[in-house]
Amino acid sequence: SLPEHYENTEGIRLLPAVWLHRVHGRIFAPGRGRCGVMSRALLMALFALPLLAQAAMFDATVVAVSDGDTITVTVPKPCEPGESCFKGKKAYRVRLAEIDAPERKQPYGIEARDALRGAVLGQSVQVDDQGQRSYSRIVAHVYMGDIWLNRAMVVDGYAWVDPRYSKSPELVKLVKKAKADQVGLWQLPDEKIVPPWDWRKSKMR
């Protein structure tokens, strides 16, 4: 079933408790570690990378949700000619890092999209750009207050952890727990639980 919203006494919409999964220090960014000693040449090469290829955190507002792992956000910056825009603001498509939700035509694909949409549409978020791109989408860990959205989608059974790109041991443990507890998509019959990357391959044949 889809998560519901609740209202407090002032009528302010609150996210259900199932989404309130706290991250240790919120700015925790999986996959980051301490840098070792680097040669001068390597450091110079790293600093020479284009800005878009480097990780960065920025504030944004969610204006659309395509599926269970892709959102569109805007930033408070005028849109220039040739850029992606939404109502006059610069827009970015963002792919939630390390996870893979069912495609919309897959079992539980609509449920995953609607869960994410109900939680974040119109909300302010922080996008932790991992410096990677997937089909012109920013690959990022996304936070809404203390909620790590990538984690929440896994905990509530709306997404797999993609073993090809996962860097977070925590997410791997959590997807195993969701599967053991038969949460979300994991309650489906076995024949309908197909990892999205395998499902996409089957549709390309």
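## The largest pocket

In this predicted model, 30 residues line the largest pocket, and those nearest its centre are Arg95, Ser134, Tyr135, Arg137 and Arg200. Two or more lining residues come from each of the strands β3 (56-67), β6 (89-96), β7 (99-100), β8 (124-134) and β9 (137-144), and from helix α5 (196-204).

The space in the largest pocket amounts to about 690 Å³. Its lining comprises 14 charged, 11 nonpolar and 5 polar residues.

## Overall organisation

The protein chain has 205 residues, of which 41% count as buried. Its secondary structure consists of 5 helices and 11 strands. When contacts between residues at least 6 apart in sequence are considered, 62% of them join residues at least 24 apart.

## Helix α2

Helix α2 spans residues 109-120, 12 residues in total, and its first and last C-alpha atoms are 17 Å apart, close to the 16 Å expected at 1.5 Å a residue. The buried residues of α2 are Gly109, Ala112, Arg113, Ala115, Leu116, Ala119 and Val120. These residues lie on the same side of α2, because they cover an arc of only 160° around the axis. An α-helix has 3.6 residues a turn, so residues three or four places apart point the same way.

The packing partners of the buried residues of α2 are the strands β3, β4 (70-78), β6 and β9, together with helix α3 (149-155). Two of these strands, β3 and β6, are also among the elements that give two or more residues to the pocket lining.

Tyr108 is found in the loop between β7 and α2 and has a positive phi of about 75° although it is not a glycine. Tyr108 counts as buried, with a relative accessibility of 10%. After α2 comes Gly122, with a positive phi near 85°.

## Helix α4

Helix α4 (residues 169-180) also has 12 residues, and it reaches 17 Å from its first C-alpha to its last, where 16 Å would be expected at 1.5 Å a residue. Its buried residues are Leu171, Leu174, Val175 and Ala178. They cover an arc of only 100° around the axis, which means that they share the same side of α4. Pro169, Lys173, Lys176 and Ala180, on the other side of α4, are exposed.

The buried residues of α4 pack against the strands β7, β10 (147-148) and β11 (160-161), and against helix α3. Helix α3 is also packed against by the buried residues of α2. Gln182 follows α4 and has a positive phi, near 55°.

Lys90 is located in strand β6. With a relative accessible area of 10%, Lys90 is buried, since buried means under 20%. Beyond residues up to four places away in sequence, Lys90 touches Val73, Thr74, Val75, Lys77, Pro78, Cys79, Glu83 and Ser84. One of these contacts, Cys79, is 11 residues from Lys90 in sequence, and the two C-alpha atoms are 4.5 Å apart in space.

Lys87 belongs to the loop between β5 (85-86) and β6. In contrast to buried Lys90, Lys87 is exposed, with a relative accessible area of 76%. Lys87 is not a glycine, yet its phi is positive, at about 55°.

Note on methods: Residues are numbered from 1 along each chain as its sequence is written. This is a predicted model: local features need pLDDT of at least 70, side-chain atom pairs count only at pLDDT 80 or more; totals for chains, interfaces and linings use all residues. Side-chain values use heavy atoms; hydrogens and water are left out. On a 1 Å grid over the protein atoms alone, a cavity is a set of points where a 1.4 Å probe fits but cannot get out, and a pocket is an open set with protein on both sides within 12 Å along at least five of seven lines; lining residues have an atom within 4 Å of a point. Grid points are joined across faces, edges and corners, and a volume is the space filled by probe spheres set on the points. Helices (H or I, at least four residues) and strands (E, at least two) are DSSP runs, numbered from the N terminus. Ala, Val, Leu, Ile, Met, Phe, Trp, Tyr, Cys and Pro count as nonpolar, Asp, Glu, Lys and Arg as charged, and the others, Gly among them, as polar. The expected span of a helix is 1.5 Å times one less than its number of residues. Buried means under 20% relative accessible area, exposed over 50%, partly exposed in between (1.4 Å probe, protein chains only). The arc is that of the directions from the helix axis to the C-beta atoms. Contact means heavy atoms within 4.5 Å.
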